[in-house]
Amino acid sequence: MNTTKTIMIIAILSLFAMISCSTARMVNNNENIRSQASPCNPPDELKIYELSMIWSEAKYSFVYWDKIIDTLDWDAAYREALTRVLATNSLYEYYMELTRFVALLRDDHTCVDSFPNSLVTAEYFSRIPILTKYMNGEYIISNVDKSLIDDIPLGAVINKWEGMDIQDYIEKHVYPYNWHEKKDSAHADIDSFMRRGAAGSKVEIEFEYAGINKTMSLTRSFGGFDWIIDTASIQPSETLTQVYESDSHAIAFTEDNIAIISIDSMRNSDLPTEFLANYPLLENADGYIIDIRRNTGGNSENSAPVAATFIGGDFIQGSISFPVYIYFYAFQAQYQDFGDMTWEQLVEQLIAEYGEEVVNTPGNLDVMEKIFKMPRRAYHETMDIPYNTESRTEYDLPGHLNAPLIVLSSVATGSAAEDFLVMLDQAERVTIVGSSTYGSSGAPNRLNLESGGRVIICSMWSRYPDGREYINIGIQPHIEIENTIEDMKNGVDAVMNKGLEEVRRQIREK
């Protein structure tokens, strides 16, 4: 690297440290076009426009480029995808290619979020009459239609799918379209993807149970199934008294005064108001269980006032980062030779050559960081999101629920539900019981396509206030437990039972 030129550029650019850049985005949201979309093959002009919009928006608003930029040439991927989408002969084929393209970004909050309604038909979205689950490193049959009760045992391990080892099949035929770093979190989408297809088409599976191998051909059909296991019938081993139920949450009590609060979504904007109105029901409980096992997310602002009642005051909701790209700094990077250095190595080199006082002169290091990181799409602005109880006058905090607190989680607990767990962590008394959470959050940039579907691109990186990561990792439970197939067959909610056992232990020891 030419260090003389480097230090000169640092000095010059420090004068422009306050320069900012904003990019106006235009997202086509023509609901009339979306509602009239048909299964016909879109015109080439529309295919080119929509693919180009996805490529461009991701290039500048996707938040995780620094994790994949060394392994993914986005421009080259765009040119390859352009050839493929122009070769498609139907709307469905076109959307599958869009799905393949967006999956290259390897983020669950970045995907084709919905297909056009005109495609949700028996021709494309029929399914075979089984459900599968990823447990203990194996793919098992977790539910079957009652017509197959004598043919397929629950808990059978699937070894082959369409004649291939099931993991090889997923690697070759599913991962190019669905991606999540956590196999257990990814499997709900994988299961749906593998099972779907045209009505009347067949899938051959080979499974093993009690040492016996069996191969069956299953036929896809469109519509509902009569499952052997009714998930609504899975209950704890004791009677609960329901005292409140609405679309936002439900509250039940055990005989020994433990409140069980079920919140299945953070999408309902009535949640804060309705929950705070129920404070008198909850304030004298001896302990609390919050069940968010089925909560796939929504809006974190809906859950923050709920968290505040358990924290009892002001707190930091989390740390978030947004991508920033300013061409001025990327242009200056053309005059630098950073080689294969990391940012940390570059800082060490500059300090060794010029001393900490020069390097840390206000503006110098900040400008050089922008020059180094912006071409790599790795520069982010980071901020903490505070929750101030006095300023949130629309949600007057009625008091502090400070009895022992258990939260039940699962691999389906995702997005805003994970943000809720991050908030509750600051109550400093939360015990999480269940499975590690989904491991995906962030603010998606929504692109409504003229062809009828929607793409989302993650533009926010969420973390704990202290910087801890949970994206692609999940929030880990303190007590790990999952309902087994036998539990579900017998209608037993072992996770809830464990949560009740733990909260009672904490009440006794309080």
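Which residues in α16 are buried? Let's find out as we tour this structure, which is a predicted model.

## A mostly covered helix

The buried residues in α16 are N364, V367, M368, K370, I371, F372 and K373. Helix α16 spans residues 364-373, and with 7 of its 10 residues buried, the helix is mostly covered. A residue counts as buried here when its relative accessible area is under 20%.

## A three-stranded sheet

Next, look for an open sheet built from 3 strands, in the order β1-β19-β18, with antiparallel pairing. Its edge strands are β1 (111-114) and β18 (444-448), each of which pairs on one side only. From one strand to the next, the twist averages 35 degrees. In general, the strands of a sheet pair through backbone hydrogen bonds, either parallel or antiparallel.

Helix α6 (residues 91-103) lies across β1 and β19 and runs at about 135 degrees to β1.

## A hairpin

Now move to strand β3 (residues 130-135) and strand β4 (residues 138-144), which run antiparallel and are joined by 6 bridges. For L131, the bridge partner in β4 is N143. How many residues lie between β3 and β4 in their hairpin? There are 2 residues between these strands, and N136 in the turn has a positive phi of about 50 degrees.

## Loop residues with positive phi

N257 is not a glycine, yet its phi is positive, at about 70 degrees. You can find N257 in the loop between β11 (250-253) and β12 (258-262). Why does N257 count as partly exposed? The reason is its relative accessibility of 26%, because partly exposed covers values between the buried limit of 20% and the exposed limit of 50%.

E428 also has a positive phi, of about 60 degrees, although E428 is not a glycine. Its place is the loop between α17 (416-424) and β17 (430-434). Is E428 buried or exposed? E428 is exposed, because its relative accessible area is 76%, and exposed means over 50%.

Terms used
Residues are numbered from 1 along each chain as its sequence is written. This is a predicted model: local features need pLDDT of at least 70, side-chain atom pairs count only at pLDDT 80 or more; totals for chains, interfaces and linings use all residues. Side-chain values use heavy atoms; hydrogens and water are left out. Buried means under 20% relative accessible area, exposed over 50%, partly exposed in between (1.4 Å probe, protein chains only). Helices (H or I, at least four residues) and strands (E, at least two) are DSSP runs, numbered from the N terminus. Two strands pair if DSSP finds at least two bridges between them. Axes are lines fitted to C-alpha atoms, for helices over the stretch in contact, and angles run from 0 to 180 degrees between N-to-C directions. Contact means heavy atoms within 4.5 Å.
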